[in-house]
Amino acid sequence: MGRKVHVAKRYIIEWGDCAAFNWGDETFIDLLKALGADAIRDCEYSDDFEVIESEYYDAIENLRVYISDPHMLTERDYIAEGLNKLGITAEELLDTMHRYWEEADIHDGWLHFTSF
């Protein structure tokens, strides 16, 4: 039995309308990590990154906890620092994360992001 290389016959990427964090992609990635979601990149120079759907959902839930009582999360200082760098509130971040979630094609269990 062999193992052959194949090319994608159809590979379509359509980026969503929700765009945020001007020059803040690294800070958003840091915030995701502080909220419990690891962003995966092919290499450190890539503009593309992915987050596992379940981890992204957990990050949203952790952000809700942060909004209700910041002292409940041990990563609260990193979250506050990231929000400050982006110049947004936790509620604005939550809204943006929800909009990303609603637009995302998560059929493969991942949210796929890029910055341009």
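Buried means under 20% relative accessible area, exposed means over 50%, and partly exposed is whatever falls in between (1.4 Å probe, protein chains only). Keep that handy for the tour. What you have open is a predicted model, where local features need pLDDT of at least 70 and side-chain atom pairs count only at pLDDT 80 or more, while totals for chains, interfaces and linings use all residues. Residues are numbered from 1 along each chain as its sequence is written, and side-chain values use heavy atoms, with hydrogens and water left out.

**Stop 1: helix α2**

Select residues 53-68, which make up helix α2. Helices (H or I, at least four residues) and strands (E, at least two) are DSSP runs, numbered from the N terminus.

Now pick Arg 64 and Glu 61, two members of α2 that sit three residues apart, about one turn of the helix. They form a salt bridge, with the closest N and O atoms 3.2 Å apart; the term means a side-chain nitrogen of Lys or Arg within 4 Å of a carboxyl oxygen of Asp or Glu. Arg 64 counts as partly exposed at 36% relative accessibility, and Glu 61 is partly exposed too, at 28%.

Stay in α2 and click Ile 67. It is partly exposed because its relative accessible area is 29%. Beyond its neighbours within four places in sequence, Ile 67 is in contact (heavy atoms within 4.5 Å) with Ala 90, Glu 91 and Leu 94.

**Stop 2**

Is Thr 27 buried or exposed? It is buried, because its relative accessible area is 14%. Not counting residues up to four places away in sequence, Thr 27 touches Gly 82, Lys 85 and Leu 86.

Glu 26 is partly exposed, at 40% relative accessible area.

**Stop 3: the nonpolar core**

Show Phe 28, Tyr 56, Leu 93 and Met 97, the residues with the most contacts inside the largest nonpolar core, which has 27 residues. Such a core is a set of buried Ala, Val, Leu, Ile, Met, Phe, Trp, Tyr and Cys residues joined through side-chain atoms within 4.5 Å. Zoom in on Leu 93: leaving aside neighbours within four places in sequence, its contacts include Phe 21, Phe 28, Leu 63 and Leu 83.

**Stop 4: the largest pocket**

Finally, select Trp 15, Gly 16, His 112, Phe 113 and Thr 114, which lie nearest the centre of the largest pocket among its 33 lining residues. On a 1 Å grid over the protein atoms alone, a pocket is an open set of points where a 1.4 Å probe fits, with protein on both sides within 12 Å along at least five of seven lines; lining residues have an atom within 4 Å of a point. Strand β3 gives the most to this lining, with four residues.
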